[in-house]
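Trainee: I would like to go through this structure one item at a time. Please start with the term we need for the charged pairs.

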Amino acid sequence: MKRSGSLKRYWLNYDAFLEAWWEVKKNKSYFFTILAYEQNLVVNLTNLIIKLENGSYHPEKLRSFYVHDPKTRLIEAPVLQDRIVQHALLNVIRPIIEKKFIDHSYACRVNRGTHAASDQLKSYLVNYKNNGYYLKIDIEKFFYSIDHMVLDRQLRQIIKCEETLSLLKLFYKNETGKGLPLGNVTSQILANLSLNPLDHFIKRQLKFHHYIRYMDDMVILCDSKQRLLDALPEIENVVESLSLKMNNKTKISHIHEGIDFVGYKTWYNRRLIRKRSLYRIKRKLTQDANQNRVASFLSHAKRTNSIVYVIKQILSVAPDYRPWIEQWYRKHFKKPSS
């Protein structure tokens, strides 16, 4: 396997950091920290590059906080200058790492995401209608359990530039030797990489054609329940070889029950938003029914059979948005909602 070297010159230059700056600034132009940094942008970026060149750069302590959406997660967010460095680095290593991914790995990739993953699953299900079975695989405490030694080996199979590897490691190393900070942009691509060997095992060794993954949420479709039962211990062995563990959400079920995946319950001929997601929509709108949030929920429901129900939920807590929602509905469905 050919490895990529001499990468430092691509991410350690002013143009690379300027591009990273625009990505960090996107949709945050009026944040105080952004405005303050931008007042001396050339000097700030130049000083940051100098620190990286002379070896005096060290990431600052992450800002920690919890979110509850729907389960509690610890978010560890980097400061502004560290986000810039991460983006500059990521712009170089992302295409190199993504070349190793299978086509149907959908998390945090350009032109992919939850909607594309859900569409792909629905297209797979057309082959089965309401027949056949699926294996749903889920990893226990995925981000918090990723083993650094395993991840380092995977990275070294792809990248041989020591400066790049050393800098990347600064953004995830800790005393436990496990886990990736959920707030770092580098964590997403590294988490995807950590399960890449499992993707290739399922596709190349077990030869399942209808397999899809979104981060640690994986689905295999098959017309034979026994074949899935036989594959399960082999899959578990690969997961354990990566120092990970499958949780109790892992199961084999009949396709006609519908598949819970990336926020939707999906059959070959319909798709619904999960009940707990519907409750969360109403709760969030009760807290703050701003237009961006309303638009986001409508977009999430647009390609589902839950769209009318979602509109009713929105109007029940934010009736002032009726004219705007009716205009949105006419645009997407040709006629106003009732």
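Mentor: A salt bridge here is a side-chain nitrogen of Lys or Arg within 4 Å of a carboxyl oxygen of Asp or Glu. Keep in mind that this is a predicted model.

Trainee: How many salt bridges does a search of the whole structure find?

Mentor: Side chains of opposite charge can pair when their charged atoms come close. With the 4 Å cut-off, the search of the whole structure gives a count of 12 salt bridges.

Trainee: Which residue forms a salt bridge with E38, and how far apart in sequence are the parts that the pair ties together?

Mentor: The partner of E38 is K25, and their closest N and O atoms are 2.7 Å apart. E38 belongs to helix α3 and K25 to helix α2, so the pair links parts whose separation in sequence is 13 residues.

Trainee: What is the volume of the second largest pocket, and which residues are the closest to its centre?

Mentor: The second largest pocket has a volume of about 520 Å³. Its lining is made of 18 residues, and the closest to the centre are K28, R63, A77, P78 and R83.

Trainee: Which element supplies the largest share of that lining?

Mentor: Elements that each give at least two lining residues are α2 (14-25), α3 (32-39), β1 (63-68) and α5 (80-98). By class, the lining has nine nonpolar, four polar and five charged residues. The largest share, four residues, comes from α5.

Trainee: In the open sheet of four strands, which are the edge strands?

Mentor: The order is β4-β5-β3-β6, with antiparallel pairing. A strand that pairs on one side only is an edge strand, and that applies to β4 (211-214) and β6 (251-254).

Trainee: Which residue in β5 is the bridge partner of I137?

Mentor: Strands β3 (residues 133-138) and β5 (residues 217-222) are paired in the antiparallel sense over six bridges. Within β5, the bridge partner of I137 is M218.

Trainee: At what angle to β4 does helix α11 run?

Mentor: Helix α6 (residues 114-125) packs on this sheet, where it touches β4 and β5, and its direction makes about 160° with that of β4. Helix α11 (residues 196-205) lies across β3, β4 and β5, and its angle to β4 is about 170°.

Methods:
Residues numbered from 1 in each chain as written. Predicted model: local features only at pLDDT ≥ 70, side-chain atom pairs only at ≥ 80, totals over all residues. Heavy atoms only, no water. 1 Å grid on protein atoms, 1.4 Å probe; cavity = no way out; pocket = protein on both sides within 12 Å on 5 of 7 lines; lining within 4 Å. Points joined across faces, edges and corners; volume = space filled by probe spheres on them. Nonpolar A, V, L, I, M, F, W, Y, C, P; charged D, E, K, R; others polar. Pairing = 2+ DSSP bridges. Contact = heavy atoms within 4.5 Å. Axes fitted to C-alpha atoms, helices over the stretch in contact; angles between N-to-C directions.
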